[in-house]
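Subject: Structure handover

Hi,

Here is the structure you asked to look at. Please open it first, then read my notes below.

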Amino acid sequence: MRQHKPDGFRELLVYKRSDELRLNIVKLTDKLSYDERRRKVHLIDSARSVKQNIVEGWKRTTTKEYFDFLSFSLGSLAEIKEDIKDLFLDKKITEVTRDFCENKCNELDFLLNQLRKSLYLKMEREGTLPSREKSLILKNQKDDDRDIFEKLLAEAGLEKSNDGKIIQKGEKG
């Protein structure tokens with residue numbers, strides 16, 4: 001069980017940046033015309049969701065739940081990025097506004113991923129990493145090992161034949 005200050009999330013840089021993003025999105029959407037009302041509501045809801053999922057995850061009792069809620073924040077952030085891109089392509093915002101929003105989103109994306117990585121390592125250290133995540137790690141390690149092995153074979157002018165033997169490239173096995 002996690003123990004922490006009840007409102008400690010307010011001290012997190014990721015929370016502060018998510019609140020700044022929400023305020024910037026509200027200011028941006030105030031300038032959109034009435035015909036953009038649907039996208040306006042969606043942007044504000046997504047920005048709110050980024051921040052609120054940080055809070056809700058913090059309040060959960062397990063590190064795994066907190067980790068999961070940060071994933072929800074990342075999903076909402078991805079929606080904001082796409083809406084910003086679309087607004088620019090639809091000529092509803094300037095390049096300067098798009099770049100400003102993208103930079104804010106990218107910073108928040110980085111912070112959320114760093115926090116998730118930290119929680120992941122904490123669960124790994126404490127032995128509380130769920131078996132699904134453990135199996136994903138093993139699969140990724142196997143894939144990485146296979147890729148390295150194939151690269152080493154190629155560098156040595158070798159390849160693996162259909163029957164699994166290591167042979168010279170171009171040789172029939």
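Charges first. There are 37 positive and 33 negative side chains in the protein. The centres of the two sets lie 3 Å apart. Please keep in mind that this is a predicted model.

**Overall form**

The secondary structure comes to 5 helices and 2 strands. Their order along the sequence is α-α-α-α-α-β-β. The radius of gyration is 23 Å, whereas the globule rule gives 16 Å for 173 residues, so the protein is more spread out than a compact globule. The C-alpha trace spans about 70 × 45 × 20 Å along its principal axes.

Of the 173 residues, 30% count as buried. The accessible surface comes to about 11300 Å². Carbon and sulfur atoms hold 52% of that surface. Now take the contacts with a separation of 6 or more: residues 24 or more positions apart account for 64% of them.

**Arg39**

Arg39 sits in helix α2, which covers residues 37-59. Is Arg39 buried or exposed? Its relative accessible area is 15%, and the cut-off for buried is under 20%, so Arg39 counts as buried. Which side chain makes a polar contact with the side chain of Arg39? That partner is Asp90, at 3.0 Å. Setting aside neighbours within four places in sequence, Arg39 is in contact with Asp83, Asp86, Leu87, Asp90 and Lys92.

**Phe67**

Phe67 belongs to helix α3, residues 63-89. Phe67 has a relative accessibility of 7%, so this residue counts as buried. What does Phe67 touch, leaving aside its neighbours within four places in sequence? The contacts are Arg116, Leu119, Tyr120 and Met123. Helix α4 covers residues 95-126. A C-alpha to C-alpha distance of 14 Å separates Phe67 from Glu126. In sequence, Phe67 and Glu126 are 59 residues apart.

**Lys91**

Lys91 lies in the loop between α3 and α4. Lys91 has a relative accessible area of 72%; the cut-off for exposed is over 50%, so Lys91 counts as exposed. Check the backbone here. Lys91 has a positive phi of about 60°, although it is not a glycine. Most residues other than glycine have a negative phi.

**Glu107**

Glu107 is found in helix α4. Its relative accessibility is 30%, so Glu107 counts as partly exposed. Glu107 and Lys27 are 80 residues apart along the chain. Their C-alpha atoms are separated by 19 Å.

**Gly164**

Where does Gly164 lie? Gly164 is in the loop that runs between β1 (158-160) and β2 (166-168). At 37% relative accessibility, Gly164 counts as partly exposed. How far apart are the C-alpha atoms of Gly164 and His42? The separation is 53 Å.

**In brief**

Arg39 and Asp90 make a side-chain polar contact. Phe67 is buried in the model, whereas Lys91 is exposed. Lys91 also carries the positive phi.

Best wishes

Terms used:
Residues numbered from 1 in each chain as written. Heavy atoms only, no water. Helix = DSSP H or I, 4+ residues; strand = E, 2+ residues; numbered from the N terminus. Buried < 20%, exposed > 50% of the residue type's maximum accessible area, 1.4 Å probe, protein only. Polar contact = N/O pair within 3.5 Å; in protein donor to acceptor, adjacent residues only side chain to side chain. Contact = heavy atoms within 4.5 Å. Rg over C-alpha atoms; globule rule 2.2 N^0.38 Å. Areas by Shrake-Rupley, 256 points an atom, 1.4 Å probe, with all protein chains shown as cover. Lys, Arg positive; Asp, Glu negative; His and termini not counted. Charge placed at Lys NZ, Arg CZ, Asp CG, Glu CD.
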